[in-house]
Amino acid sequence: MSSAAGLGGTSPVRETARLVVGRLVSLTVNEPVTWVRESALNAVSEAFNHHRLSLNLVKPLAAAMPTMEAEILGHTIYILGATHAPKALPMIEPFLNHPDQDVREEARLAAAEITASNPEDTIHNS
């Protein structure tokens, strides 16, 4: 068994990434300070560049979206799209008509990424 293979076929690195992302998502949902939220979301976005993470892990962000400024909202939409999960589309689609042009564009890109994604992809590289 290689050192990358953990119990139940899950690598320790992937488990650590999921744990850290889960904590960052919780911080984002519960933290009122914008720059802290933005930093946490940037770290979550970076994790998607190295790991395929599930929608369930980042789904709590959807509840916080109404309290987010446009820039942070764009990060969150990107993260939802990075899951490649079709179930994320209903969370993204309302923002296709957002008053902020950058949010609308991020929603368009995220929706397009989900609809065009290959389920066999293992790493998000956008």
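This is a predicted model: local features need pLDDT of at least 70, side-chain atom pairs count only at pLDDT 80 or more; totals for chains, interfaces and linings use all residues.

Author: The buried residues of H2 pack against H1, H3, H4 and H5. Those buried positions are Val-36, Arg-37, Ala-40, Leu-41, Val-44, Ser-45, Ala-47 and Phe-48. As a general point, an α-helix has 3.6 residues a turn, so residues three or four places apart point the same way.

H2 has 15 residues, which at 1.5 Å a residue should span 21 Å; the C-alpha atoms at its ends lie 21 Å apart, so expectation and model agree.

The pairing with H1 can be described in some detail. In general, two packed helices are described by the angle between their axes and the distance between the axes. The axes of H1 and H2 come within 9 Å and cross at roughly 150°. Angles over 145 degrees count as roughly antiparallel, and H1 and H2 are therefore roughly antiparallel to each other. The crossing in which H1 passes H2 is left-handed. On the H1 side, the residues that meet H2 are Val-21, Leu-24, Val-25, Leu-27, Thr-28 and Val-29. Their counterparts in H2 are Val-36, Arg-37, Ala-40, Leu-41, Ala-43, Val-44 and Ala-47.

Val-21, Val-44 and Val-58 are among the residues that touch the most other members of the largest nonpolar core, which holds 34 residues. Helix H2 (34–48) is one of the elements that give two or more residues to this core, and others include H1 (12–30), H3 (55–58) and H4 (60–64). The largest share, 7 residues, comes from H5. In general terms, nonpolar side chains tend to be buried together in soluble globular proteins.

Since buried means under 20% relative accessible area, Ser-45, at 10% relative accessibility, counts as buried. Not counting residues up to four places away in sequence, Ser-45 touches His-75, Tyr-78 and Ile-79. Of these, Ile-79 is also among the core residues that touch the most other members.

In summary, H2 lies roughly antiparallel to H1, and its buried residues pack against H3, H4 and H5 as well as H1.

Technical notes: Residues are numbered from 1 along each chain as its sequence is written. Side-chain values use heavy atoms; hydrogens and water are left out. A nonpolar core is a set of buried Ala, Val, Leu, Ile, Met, Phe, Trp, Tyr and Cys residues joined through side-chain atoms within 4.5 Å. Buried means under 20% relative accessible area, exposed over 50%, partly exposed in between (1.4 Å probe, protein chains only). Helices (H or I, at least four residues) and strands (E, at least two) are DSSP runs, numbered from the N terminus. Contact means heavy atoms within 4.5 Å. The expected span of a helix is 1.5 Å times one less than its number of residues. Axes are lines fitted to C-alpha atoms, for helices over the stretch in contact, and angles run from 0 to 180 degrees between N-to-C directions. Angles under 35 degrees count as roughly parallel, over 145 as roughly antiparallel, 65 to 115 as roughly perpendicular and the rest as oblique. A crossing is left-handed if the near helix is turned anticlockwise from the far one by less than a right angle, and right-handed if clockwise.
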